[in-house]
Amino acid sequence: MTTLSADDARRAALRAQGLLGAPDRRAGVRGVLRHLGAVQLDTISVLARSHELVPYARLGPVGRPAVDAAYWTAASGAGAPAGPHSFEYWSHAACILPIEEWPHFAFRRRAFRARGHRWHIMKDSARSCAAVLDRLKADGPLTTSELGGGRKGGEWWDWSETKIAVEWLLDTGEVVCTERRGWKRVYDLAERAVPDALLHDDLDDTACIRRLVAQAGAAMGVATRADLADYHRLKGEQVDAVVEDSGLVPVAVEGWAKPAWADPAALATPPRGRHRTTLLSPFDSLVWDRPRTERIFGFTHRLEAYVPKPKRIHGYFAMPLLAGGKLLGRVDPAREGTVLVARQLSMQGAKAVRPMAQALREAARWVGCDAVRVDRCDDPRLAAALRTELTRATEEAPTA
């Protein structure tokens, strides 16, 4: 069995996530999605929405309209398969997934069908679902409001019968979400949106789960059983049943208490190349699993958006700073006009000052800001050094 050092495992994870080595800019956003296998969606938008931040972290300042277009625009041109490049479904959470993975989520669609209902209960399931399907067949693709549904009240859980029906049809695979429009899901009939070659549930549960475990292993480089299960929210026993036939190889990692598996590509050549310096979304697949993040980087991170404000330690949407292959700090950003505001910031020593300044400047330019302001930092000396570095960089920047 191969034994990896903790640093080897960390570098393998970074390379597998597209954050070590030259980015494949020709493959672009769609290449990032295919490589990661899942990009999590979330309603929070500070600098940008999380699904925009994920390719930004790997490719640099890709135009934001181009990101959404890359995810959702249907394929076209000679030789291109008909239909969208991606779809939205339940993976690690609500995620954008490559359209090629549609058959591999058959096990989850079957599980929903076997359950027979969502936690939202419909009064007349058959009639409501039939009405949604008829409307989509005649007029789709449509949002919930265009279907005539939505929320009955102000609460997010108080859904109309139409909304419950279309979400149930999404769960079970009769309907597919083909894009987000104004952050609303756009629904269409799966038979119309999914390419014919992919529109099937022929793979049994074992084949589906084996593929997802292999894909998760490739996207993480090196992973424990719990890591592999968490990536697409599988059960530990599901991983156990397929991991030996997944193509992943068992390894030991120094300092890891649990056995691990690695993608053979992660072991083929030593990970090397240029490290990306960037701010990461808390929902980025490099850091979305908190125990794994702590094990690999020695960095404890928690999303505090849902923590009462007086109890927050690092801020509403604290974004970790990745630099030199390590997590060296975090910042809770905001925008005020054309100023990017670091509302709350912490850094792990003076070595983090220049990378933090670089990451803040790049993020500011990406979202159309022309200045950066630091409000609070847990270390006054580091705050002063950061402000000096930001001022120096501004003064040295070329003018048009």
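Biologist: Which residues are buried in H15?
Modeller: In this predicted model, Val353, Pro355, Met356, Ala357, Ala359, Leu360, Glu362, Ala363, Ala364 and Trp366 are buried in H15, where buried means under 20% relative accessible area, exposed over 50% and partly exposed in between, with a 1.4 Å probe and protein chains only. Helix H15 is thus listed as mostly covered, with 10 of its 14 residues buried; helices here are DSSP runs of H or I of at least four residues, strands are runs of E of at least two, and both are numbered from the N terminus.

Biologist: How far does H15 reach from its first C-alpha to its last?
Modeller: Helix H15 (residues 353-366) reaches 20 Å, close to the 20 Å expected at 1.5 Å a residue, the expected span being 1.5 Å times one less than the number of residues. Gly368, with a positive phi near 85 degrees, follows H15.

Biologist: And which strands does H15 lie across?
Modeller: H15 lies across S10, S11, S12, S13 and S14, and runs at about 155 degrees to S13; axes are lines fitted to C-alpha atoms, for helices over the stretch in contact, with angles from 0 to 180 degrees between N-to-C directions, and contact means heavy atoms within 4.5 Å.

Biologist: What is the strand order in that sheet?
Modeller: The open sheet of 5 strands has the order S10-S11-S12-S13-S14 with mixed pairing, two strands being paired if DSSP finds at least two bridges between them. Its edge strands, which each pair on one side only, are S10 (278-279) and S14 (371-374).

Biologist: Why call S12 largely enclosed?
Modeller: Because 8 of the 11 residues of S12 (residues 326-336) are buried, the strand is largely enclosed by the rest of the structure. S12 runs antiparallel to S11 (residues 319-323), to which 5 bridges join it, and also antiparallel to S13 (residues 339-347), through 8 bridges.

Biologist: What about the turns at either end?
Modeller: S11 and S12 form a hairpin with 2 residues between them, and Gly324 in that turn has a positive phi of about 60 degrees, while Ala323 has Lys326 in S12 as its bridge partner. The hairpin of S12 and S13 also has 2 residues between the strands, with Gly337 in the turn at a positive phi of about 65 degrees, and Glu336 stands opposite Val339 in S13.

Biologist: Is Gly337 buried or exposed?
Modeller: Gly337 is exposed, with a relative accessible area of 69%.

Biologist: Switching topic, which residues have the most contacts inside the largest nonpolar core?
Modeller: They are Tyr71, Phe87, Leu136, Val213 and Leu228, in a core of 62 residues; a nonpolar core is a set of buried Ala, Val, Leu, Ile, Met, Phe, Trp, Tyr and Cys residues joined through side-chain atoms within 4.5 Å. Helix H10 (residues 205-220) gives the largest share of this core, 7 residues. Apart from it lies another core, of 37 residues, including Phe283 and Cys369.

Biologist: What does Val213 touch?
Modeller: Leaving out residues up to four places away in sequence, Val213 touches Leu228, Leu234, Val239, Val242, Val243, Ser246 and Leu248.

Methods:
Residues are numbered from 1 along each chain as its sequence is written. This is a predicted model: local features need pLDDT of at least 70, side-chain atom pairs count only at pLDDT 80 or more; totals for chains, interfaces and linings use all residues. Side-chain values use heavy atoms; hydrogens and water are left out.
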